[in-house]
Structure formats: C-alpha cells, structure tokens
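Hi,

Here is the structure I promised to pass on.

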Amino acid sequence: MRNNASVFYSLILVIGDALALTAAFSVAYTIRVKVQDELPLIEQITALEFLYTFLAVLPFWLLVHAAIGLYRKDIYEKRFVELGRLITGAFIGILVVIGYDFVIGGELFPARLVPVYGFGLSFGLLLLFRTATRILRRLLFRFKVGISDVLIIGNTDASIDLARIISDTKTSGIRVMGIVGKKSPRFKYFASFEDAIKKLPSHPHGIIHTELYKDDLKNNEIVRFAQENHVSYRFMPGNSNLFVGNIEVDLFAGLPMIAVHQTKLIGWGRIAKRLFDLFFTSLALIVLSPVIAVIAVVLKISDPRGPVFFRQVRLTRFNREFKVFKFRTHRADISGLSDKAAFKKLGKPKLYETYKNNGYVLAKDPRISKVGRFLRRTSLDELPQLFNVILGDLSLVGPRTLIPAELNTYKRKHAILSVKAGITGLAQISGREDISFEERRRLDVYYVQNWSFVLDISILLRTIRVVLLGTGAK
C-alpha cells in the first residue's frame with residue numbers, strides 16, 4: 001500500500017522551486033532595469049521577452065536540483081545538508097543560465113548585474129520557501145495528513161528503541177502500528193508476521209526488519225509481501241555499531257558485498273579537508289599573529305618563571321601520539337607536572353580523584369593562574385593549536401584531543417581515532433565542559449560516523465558563537 005505523501009511533497013517542492021526562481025529573476029530584472037534605470041544597459045530586453053527566455057531555461061535548473069538530490073525523500077529533515085545543496089544548486093543553476101545565454105547566441109540579460117542579483121535572490125527565496133514548506137509539513141502531521149504507517153519486525157531491543165525514537169508522529173510523520181516478536185507496554189504486540197497481517201486494519205506503508213529469522217522462508221515471505229503490496233522494506237541490523245559510517249555496496253567476485261568504513265572521511269574527503277585546513281589555518285595565523293604575540297608577552301610578564309607555551313602528549317588519528325601546543329594556563333610552579341603530581345604538590349592529593357571521577361574536569365581548578373583562567377574562558381589558550389594543524393597533527397574540526405589516560409577509559413576509542421582530532425568539534429559547541437565525559441565522547445563518535453563538509457562549516461560557525469558567548473567555558 002503506497003503512501004503518496006512523499007511524492008506529493010516532492011511535487012510541491014518542484015513547483016515551489018520553479019516559482020521561487022522565477023520570482024527571484026523577475027525581481028532582479030526589475031531592480032536593475034526599472035529601479036536602477038540611470039545605469040546603461042547591454043541590450044534593451046523587455047520584461048516579457050526576459051520572462052519567456054528564463055522560463056525556457058528554468059527546467060534545466062530544476063533538473064540540476066533533481067540531480068543533486070534536492071527532491072529525494074531523505075533530504076526532508078536534513079536542514080544543513082539541504083542548505084549545502086541549495087548553495088551548490090544555485091551555483092550550478094546560474095552557470096546553466098549563463099551557458100544557455102551563450103548557446104542561443106543572443107543576450108538573455110539586459111545587464112550583467114541581473115544574474116548577480118538573481119543568484120542572491122534565488123538562494124534566499126528557495127531557502128525561505130523550503131523552510132516554510134517544512135513548517136507546513138509538520139503542521140499537517142498534527143492533523144494526521146501525510147502520516148506513514150510502519151510495522152517493526154524483530155525480537156530485539158533495537159525494535160523498541162527504534163519504535164520509541166519515531167513514535168512522536170507529530171514530528172516524525174510516522175505511526176508505529178506495532179512490533180512483531182518483542183513485547184513493550186507502549187506498542188501493540190504481534191506474535192508473528194502472519195498474526196500482524198490478519199489483525200492490522202490495513203497494510204502498513206513500510207516494514208522495518210531488525211532481526212532476520214533463522215528460517216529463510218519467513219524472511220522471504222516478508223520481503224515478498226512487501227513487494228507484492230508495494231510496501232517499502234528496510235532492514236536495520238540489531239548490531240547497530242556494525243553498520244555505521246560510510247557504507248558501500250558493490251560486486252565482489254560476482255557477488256553482492258557490503259563494505260563498512262568507520263567514517264565517511266576517506267578518499268577525496270581526506271584530501272579536500274586537508275586543503276581546507278591548510279588554507280583557512282594559514283589565513284587565521286596571518287590575521288591572529290598580533291593577538292598571539294600579545295598573549296605571549298602578557299604571559300611572560302605576569303609569570304616570568306614559566307614557559308609561554310604548554311606542550312602535552314595527545315592522541316590523534318590511528319592512535320598516533322603528538323605534542324599539542326597551547327598557551328600555558330597553569331601556575332608556573334606546577335607547569336609540566338602530571339595531573340596527579342600537580343595536585344600533590346599543591347597539598348590536595350585527594351582532589352585528583354574528584355578531578356578524575358568528574359571526567360577530568362574541575363569547576364574551580366587551583367592549578368590555573370589568573371591569566372590562564374581568562375585565556376580558558378575566552379578559548380584564547382587554544383590559538384597555538386593552529387600550528388598543530390599546519391604540521392598535520394590536528395584538523396580545524398574533529399574529535400577533541402585527549403591524553404592517552406583519558407581516552408583509554410573509553411571503550412569505543414577506535415572509532416574516535418579513525419580521524420584526526422580537531423581544535424573544535426561537536427562536543428565543544430554542545431556545552432564544552434558542561435556535559436559529561438560520556439556525552440562528549442558520544443558526540444565525537446557521531447561526528448566520525450557522519451562527517452560532511454556542511455557539518456564542518458556548521459561547527460566552525462557555531463564555534464564562533466560559543467566562543468563569543470563563553471558558553472560552557474571553565
């Protein structure tokens with residue numbers, strides 16, 4: 001039983017995109033030709049001629065949107081991914097329009113500023129339209145419009161976890177009809193797939209299988225039912241840790257084979273990310289070099305006995321140890337000592353256990369100097385790590401750098417160490433020291449498994465906001 005809600009939503013997006021693009025270039029034409037009429041034009045083109053010509057090239061722009069996945073169902077709830085693709089679509093689309101102008105051998109634009117204005121307006125209107133459409137879609141869910149009925153099959157905890165996550169129909173647009181094989185007080189229970197089909201008032205729109213039966217006949221029966229009744233079928237492995245990160249399906253020796261990588265940051269992604277790091281870090285060092293110099297002088301004047309920089313062994317990709325650069329924030333008399341030795345020298349050896357049990361965080365750490373407290377609160381102590389990025393030890397964005405003693409306490413350290421550590425990351429922008437050690441590591445693993453350039457840019461932008469507000473700094 002097919003649910004046409006997603007098809008209808010895609011159709012609305014196509015129509016809306018077409019109207020938004022047409023409106024954007026109509027406004028661009030009006031601004032340049034009618035409002036800025038004192039400026040000379042390349043060629044006299046009437047508004048009607050411009051509109052007809054743009055409508056002729058509009059389908060090609062929409063095809064670009066389709067090619068980069070802006071009408072796929074999996075894009076609906078991924079706002080940052082959609083934002084990145086809208087930017088890409090705007091760039092490619094304007095190139096298509098300019099290319100069409102070249103091919104027809106005439107003049108599509110009466111002035112060169114028209115495509116410039118059109119580019120900015122088209123992106124803005126597309127973003128505005130899609131945001132409004134997303135809000136409207138959520139409102140319709142509240143009135144049970146566009147809801148997809150799903151049946152979950154599998155006697156595993158993953159069945160209940162999945163049902164719990166998607167059970168908020170007003171947000172997800174999904175209604176859980178029941179679970180086959182696993183009892184839960186919140187959801188309807190069916191002893192078998194046959195029992196579910198007999199008792200359900202209608203066929204589900206989708207089936208999610210979390211556990212394959214030992215009897216292949218039962219598995220084939222479920223798949224065959226889905227195919228014969230045009231019901232979507234998905235398989236979610238009970239061991240969710242196995243199928244994370246980047247998944248590739250290919251033929252190996254003529255047989256279908258699934259390859260699972262710990263992270264999406266492989267191949268071209270690693271190269272592009274490294275080039276991105278080198279370019280923006282070099283730019284940052286040029287701009288911030290006066291700030292770095294001033295901080296170094298202040299540290300030397302405030303406490304001449306201690307070094308300006310603090311260096312400590314940390315872990316990065318593939319379990320490689322390196323020495324991280326930071327401005328010294330500890331008092332000079334304990335600088336360079338291990339955490340345990342520093343607390344002992346201060347006469348507070350028991351405080352080390354509190355520090356360790358609290359996830360290596362202490363609200364009022366007596367080891368930190370007055371200048372160091374200011375540097376930590378403003379995150380200025382992190383600036384020397386830009387040199388580590390140039391050396392290839394770190395990336396601008398990644399899991400937080402940790403000392404071996406800290407990371408060795410975490411069971412899934414292999415996942416975190418599959419990419420370079422970063423100066424900033426999801427943990428830093430999600431509360432920094434205000435969240436638990438376990439939560440910080442969980443965010444690190446999420447980043448490793450779901451890396452994308454859009455996510456990196458989003459983290460960098462949010463880092464600026466967090467640093468300016470001083471959120472979660474100690």
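**Helix packing, starting with α1**

Helix α1 (residues 5–35) packs against helix α2 (residues 47–67) at an angle of about 140°, and their axes are 10 Å apart. Axes here are lines fitted to C-alpha atoms, for helices over the stretch in contact, and angles run from 0 to 180 degrees between N-to-C directions. That angle makes α1 oblique to α2; under 35 degrees counts as roughly parallel, over 145 as roughly antiparallel, 65 to 115 as roughly perpendicular, and the rest as oblique. The crossing of α1 past α2 is right-handed, a label used if the near helix is turned clockwise from the far one by less than a right angle, with anticlockwise being left-handed.

On the α1 side, the contact is made by V14, D17, A18, L21, T22, F25, S26 and Y29. On the α2 side you'll find A47, F50, L51, F54, L55, L58, W61, L62 and H65. Contact means heavy atoms within 4.5 Å. By class, the residues of this contact are 13 nonpolar, three polar and one charged. For those classes, Ala, Val, Leu, Ile, Met, Phe, Trp, Tyr, Cys and Pro count as nonpolar, Asp, Glu, Lys and Arg as charged, and the others, Gly among them, as polar.

α1 also packs with α4, at an angle of about 145° and with the axes 8 Å apart. That crossing is right-handed too. The contact of α1 with α4 has 21 nonpolar, four polar and five charged residues.

**What you're looking at**

A word on the source: this is a predicted model, in which local features need pLDDT of at least 70 and side-chain atom pairs count only at pLDDT 80 or more, while totals for chains, interfaces and linings use all residues. Residues are numbered from 1 along each chain as its sequence is written, and side-chain values use heavy atoms, with hydrogens and water left out.

The chain has 18 helices and 11 strands. These are DSSP runs numbered from the N terminus (helices are H or I, at least four residues; strands are E, at least two). Its C-alpha atoms fill a box of roughly 80 × 75 × 50 Å along the principal axes. Of the 474 residues, 42% are buried. Buried means under 20% relative accessible area, exposed means over 50%, and partly exposed is in between (1.4 Å probe, protein chains only). Among contacts between residues at least 6 apart in sequence, 69% join residues at least 24 apart.

**The nonpolar cores**

The largest nonpolar core has 31 residues, and F327, L394, L396, Y447 and I459 touch the most other members. A core of this kind is a set of buried Ala, Val, Leu, Ile, Met, Phe, Trp, Tyr and Cys residues joined through side-chain atoms within 4.5 Å. At least two residues each come from α9 (268–302), β9 (320–327), α13 (385–391), β10 (395–397), α16 (426–429), α17 (437–449) and α18 (453–469). The largest share, six residues, is supplied by α9. Another core, of 29 residues, lies apart from it and includes I75, L86, V97 and V114.

Leaving out residues up to four places away in sequence, L396 touches F276, D277, F280, T281, L386, V389, G422, I423, T424 and L460. L386 itself lies in helix α13 and is buried at 7% relative accessibility. L386 and F280 are 106 residues apart in sequence, yet 9.9 Å apart in space, C-alpha to C-alpha.

**A few single residues**

I222, in helix α8, is buried at 1% relative accessibility. Beyond its neighbours within four places in sequence, I222 is in contact with I153, F193, I207, H209, Y213 and Y233.

V81 sits in helix α3 (residues 79–104) and is partly exposed, at 28% relative accessible area. With residues up to four places away left out, V81 touches I75 and V454.

Where might you look for positive phi values in residues other than glycine? One is K144, with phi near 60°, in the loop between α4 (113–142) and β1 (148–153). K144 is exposed, with a relative accessible area of 65%. H230 also has a positive phi, of about 55°, and is found in the loop between α8 (216–228) and β5 (232–235). At 58% relative accessibility, H230 is exposed.

Cheers
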